[in-house]
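Visitor: I would like to learn how to read strand pairing, helix packing and a nonpolar core from a set of coordinates. Please take me through one example, giving the general idea before each case.

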Amino acid sequence: MRYVAIVAGVLVAIVLIVLVIGWSLPVKHRATADATLNASPQSLYQLITDVDRIPEWRNSVKNVERLPDSAGKKRFREVGGNGSILYEIQEAVPNQRLVTKIADPSLPFGGRWTYELSPRGDSTTLRITEDGEVYNPVFRFVSRFVMGHTATMNKYLDDVRHHFEKTTTSGT
């Protein structure tokens, strides 16, 4: 019985430490990730803005539902490994820049993502900047120390890279 109490005490202490650290972290964060891809700015921009085709190249997205515009902003819902997330396109400059934001205030996280495309000869650098918000202190701890703020962006860049590698290999 004494060992059970010790284990329970240690678990409670760990939870309290996670909560205290999570509460001490800022709600907002900024993170950036980039990759240089064997693609033109036009083909890269077309890929990342064609929301209907996102499930074809992003492994974590099962389907995408287009929704009616709101205040002139295009909206869509992604359904996948992270659940259902409503996005709004804030800004779109063809072949240069795309800005999206989470448009569902009921989620435990939010933020906006800026995708910047820079030509580099025959390639294009895609730089993603996340201005994220994590409201729950446990999720803040996990996001900062377990997953890392760039994990989702790195996965996105890997999916984009894989798409263009597959396209180049297959000739399509």
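Guide: Let us begin with the term that strand pairing rests on: two strands count as paired if DSSP finds at least two bridges between them. Keep in mind throughout that this is a predicted model.

Visitor: Which residue stands opposite Ile 85 in β4, and in what sense do β3 and β4 pair?

Guide: In general, the strands of a sheet pair through backbone hydrogen bonds, in either a parallel or an antiparallel arrangement. Here strand β3 (residues 73-80) and strand β4 (residues 83-93) are antiparallel, with six bridges between them. Glu 78 is the residue opposite Ile 85 in β4, while Arg 75 stands opposite Glu 88 in β4. The two strands make a hairpin, with two residues between them.

Visitor: How many bridges join β2 to β3?

Guide: There are seven, and β2 and β3 run antiparallel. On the β3 side, Arg 75 is the bridge partner of Leu 67, and Phe 76 is the bridge partner of Arg 66. These strands also form a hairpin with two residues between them, and Ala 71 in its turn has a positive phi of about 55 degrees.

Visitor: Which residue takes a positive phi in the hairpin of β4 and β5?

Guide: That residue is Asn 95, with a phi near 65 degrees, in a hairpin that has three residues between the strands. β4 and strand β5 (residues 97-102) pair in the antiparallel sense over six bridges, and Val 93 stands opposite Arg 97 in β5.

Visitor: In what order do the seven strands form the open sheet?

Guide: The order is β1-β7-β6-β5-β4-β3-β2, with antiparallel pairing. Because β1 (28-37) and β2 (61-70) each have a single partner strand, they stand at the edges, and one side of each is left without a neighbour in the sheet. From one strand to the next, the twist averages 20 degrees. Helix α2 (residues 41-49) lies across β1, β4, β5, β6 (109-120) and β7 (123-134), and runs at about 160 degrees to β6.

Visitor: At what angle do helix α1 and helix α4 pack?

Guide: Two packed helices are described by the angle between their axes and by the distance between those axes. For helix α1 (residues 2-24) and helix α4 (residues 137-147), the angle is about 85 degrees and the axes are 7 Å apart. Since angles of 65 to 115 degrees count as roughly perpendicular, α1 and α4 are therefore roughly perpendicular to each other. Val 18, Leu 19, Ile 21, Gly 22 and Trp 23 in α1 meet Pro 137, Val 138, Arg 140, Phe 141 and Phe 145 in α4. By class, eight residues of this contact are nonpolar, one is polar and one is charged.

Visitor: Which residues have the most contacts inside the largest nonpolar core?

Guide: Within this core of 31 residues, they are Leu 44, Ile 48, Tyr 115, Leu 126, Ile 128, Tyr 156 and Val 160. Helix α5 (residues 151-170) gives the most to this core, contributing five residues. If we take Leu 126 and leave aside its neighbours within four places in sequence, its contacts include Leu 44, Tyr 115 and Tyr 156, as well as Ala 33, Leu 37 and Leu 157.

Technical notes. Residues are numbered from 1 along each chain as its sequence is written. This is a predicted model: local features need pLDDT of at least 70, side-chain atom pairs count only at pLDDT 80 or more; totals for chains, interfaces and linings use all residues. Side-chain values use heavy atoms; hydrogens and water are left out. A nonpolar core is a set of buried Ala, Val, Leu, Ile, Met, Phe, Trp, Tyr and Cys residues joined through side-chain atoms within 4.5 Å. Buried means under 20% relative accessible area, exposed over 50%, partly exposed in between (1.4 Å probe, protein chains only). Helices (H or I, at least four residues) and strands (E, at least two) are DSSP runs, numbered from the N terminus. Contact means heavy atoms within 4.5 Å. Axes are lines fitted to C-alpha atoms, for helices over the stretch in contact, and angles run from 0 to 180 degrees between N-to-C directions. Angles under 35 degrees count as roughly parallel, over 145 as roughly antiparallel, 65 to 115 as roughly perpendicular and the rest as oblique. Ala, Val, Leu, Ile, Met, Phe, Trp, Tyr, Cys and Pro count as nonpolar, Asp, Glu, Lys and Arg as charged, and the others, Gly among them, as polar.
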